[in-house]
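Dear colleague,

I am handing over the structure we talked about, and I would be glad if you could look through it with the notes below beside you.

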Amino acid sequence: ALFVFFKGFGIITMITMLAFIYGFTAMLVAVPGIVLSVPGVIGMIITLFVTGAMLFASSKRVAEEYSKGKTVRSAIKTAFNAMFKTVLSACVIMAVCGLALFIFTSGTTACLGITLGIGAVISLIATTLLARLLANCMVSFVENPEVLFQLKRTEE
């Protein structure tokens with residue numbers, strides 16, 4: 001469905017989300033003492049949705065920059081640079097909330113804090129590094145990136 005509606009950005013979102021889930025699972029295995037209960041799964045779902053929202057916002061920002069007259073590569077660079085502060089602040093807020101839950105609660109609710117913290121780190125890496133890398137690679141390998149990314153210029 002992502003590919004049908006968003007074409008190139010849908011592919012980027014699918015690959016980034018799969019990498020997010022893989023990285024998240026690897027971190028859960030690596031961190032000792034995590035019992036994945038209902039609050040832990042809720043933490044995973046929250047961070048997955050936040051990651052998806054950040055990827056969607058990044059794709060819209062690329063389209064906005066392209067419509068202003070920039071090239072595709074320049075629009076990607078400008079959009080991801082501009083979105084970095086937003087992504088970083090969202091991830092820091094998730095990490096602080098996760099830390100507070102971990103410190104001030106116990107039992108399975110502390111697992112929510114752990115999964116929020118882990119999700120914040122993985123989300124930051126996935127949305128700032130991996131998505132940008134995939135977008136730049138797709139521009140390099142695709143003959144007509146404007147069509148793939150569904151980019152249009154605004155008529156003035």
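Read along the sequence, the chain follows the pattern α-α-α-α-α, and its secondary structure comes to five helices and zero strands, where helices (H or I, at least four residues) and strands (E, at least two) are DSSP runs, numbered from the N terminus. Please keep in mind that this is a predicted model, in which local features need pLDDT of at least 70 and side-chain atom pairs count only at pLDDT 80 or more, while totals for chains, interfaces and linings use all residues. Residues are numbered from 1 along each chain as its sequence is written, and side-chain values use heavy atoms, with hydrogens and water left out.

Along its principal axes the C-alpha trace spans about 55 × 25 × 20 Å. Of the 156 residues of the chain, 40% count as buried, where buried means under 20% relative accessible area, exposed over 50%, and partly exposed in between (1.4 Å probe, protein chains only).

Helix 3 has 33 residues and reaches 47 Å from its first C-alpha to its last, close to the 48 Å expected at 1.5 Å a residue, the expected span being 1.5 Å times one less than the number of residues. Helix 3 also bends by about 35 degrees at phenylalanine 84, the bend being the angle between axes fitted to the seven residues ending there and the seven starting there. Among the buried residues of helix 3 are Val72, Ala75, Ile76, Ala79 and Phe80. In general, an α-helix has 3.6 residues a turn, so residues three or four places apart point the same way.

Helix 3 (residues 72-104) packs against helix 4 (residues 108-141) at an angle of about 170 degrees, with their axes 7 Å apart; these axes are lines fitted to C-alpha atoms over the stretch in contact, and angles run from 0 to 180 degrees between N-to-C directions. The two helices are therefore roughly antiparallel to each other, a term for angles over 145 degrees.

As for the cysteines, the count comes to zero disulfides, a disulfide being a pair of cysteine sulfur atoms within 2.5 Å. For cysteine 91, the nearest cysteine sulfur, that of cysteine 97, is 12 Å away.

Notes. Parallel < 35°, antiparallel > 145°, perpendicular 65-115°, else oblique.
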